[in-house]
Amino acid sequence: MHAFLLTLLVIVSLALIVVVLLQSGKSAGLSGAISGGAEQLFGKQKARGIDLVLHRITIVLAVLFFILAIAVTKL
């Protein structure tokens, strides 16, 4: 059981890394954070299309990651 959960944790971790890297950047570095990146941080622009799908997949994988990490440490 422990080996199965550990393997699943590694798979979810790799999937989370891939999904995060597939997402587009929200600002243009430091200049975007100073000039207008804060607007995007607080939800002024809504994600659409593939960005929305990637955002939701990221949330699901992050929750799975934390649940699996806690489960692995308890066993």
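**Reading helix packing and a surface patch**

Tutor: Gladly! Keep in mind that this is a predicted model. Let's begin with two helices, α1 (residues 2–22) and α4 (50–74).

Student: At what angle do α1 and α4 pack, and how far apart are their axes?

Tutor: The angle is about 155°, and the axes lie 9 Å apart. Angles over 145 degrees count as roughly antiparallel, so α1 and α4 are roughly antiparallel to each other. As for handedness, α1 passes α4 in a left-handed crossing.

Student: Is A69 buried, partly exposed or exposed?

Tutor: Buried means under 20% relative accessible area, and exposed means over 50%. A69 has 22%, so A69 is partly exposed.

Student: And what about the chain on either side of these helices, at M1 and L75?

Tutor: M1 sits in the segment before α1, while L75 is in the segment after α4. In sequence they are 74 residues apart, yet C-alpha to C-alpha the separation is 8.6 Å. With a relative accessible area of 72%, M1 is exposed; L75, at 56%, is exposed as well.

Student: Which residues make the nonpolar surface patch?

Tutor: M1 and L75 contribute, together with F4 and L8, and the patch covers about 470 Å².

Terms used. Residues are numbered from 1 along each chain as its sequence is written. This is a predicted model: local features need pLDDT of at least 70, side-chain atom pairs count only at pLDDT 80 or more; totals for chains, interfaces and linings use all residues. Side-chain values use heavy atoms; hydrogens and water are left out. Patches are made of residues with over 30% relative accessible area and no salt bridge: like charges are joined within 9 Å, nonpolar side chains (Val, Leu, Ile, Met, Phe, Trp, Tyr) within 5 Å. Accessible areas come from the Shrake-Rupley method with a 1.4 Å probe; for residues, only the protein chains shown count as cover. A salt bridge is a side-chain nitrogen of Lys or Arg within 4 Å of a carboxyl oxygen of Asp or Glu. Helices (H or I, at least four residues) and strands (E, at least two) are DSSP runs, numbered from the N terminus. Buried means under 20% relative accessible area, exposed over 50%, partly exposed in between (1.4 Å probe, protein chains only). Axes are lines fitted to C-alpha atoms, for helices over the stretch in contact, and angles run from 0 to 180 degrees between N-to-C directions. Angles under 35 degrees count as roughly parallel, over 145 as roughly antiparallel, 65 to 115 as roughly perpendicular and the rest as oblique. A crossing is left-handed if the near helix is turned anticlockwise from the far one by less than a right angle, and right-handed if clockwise.
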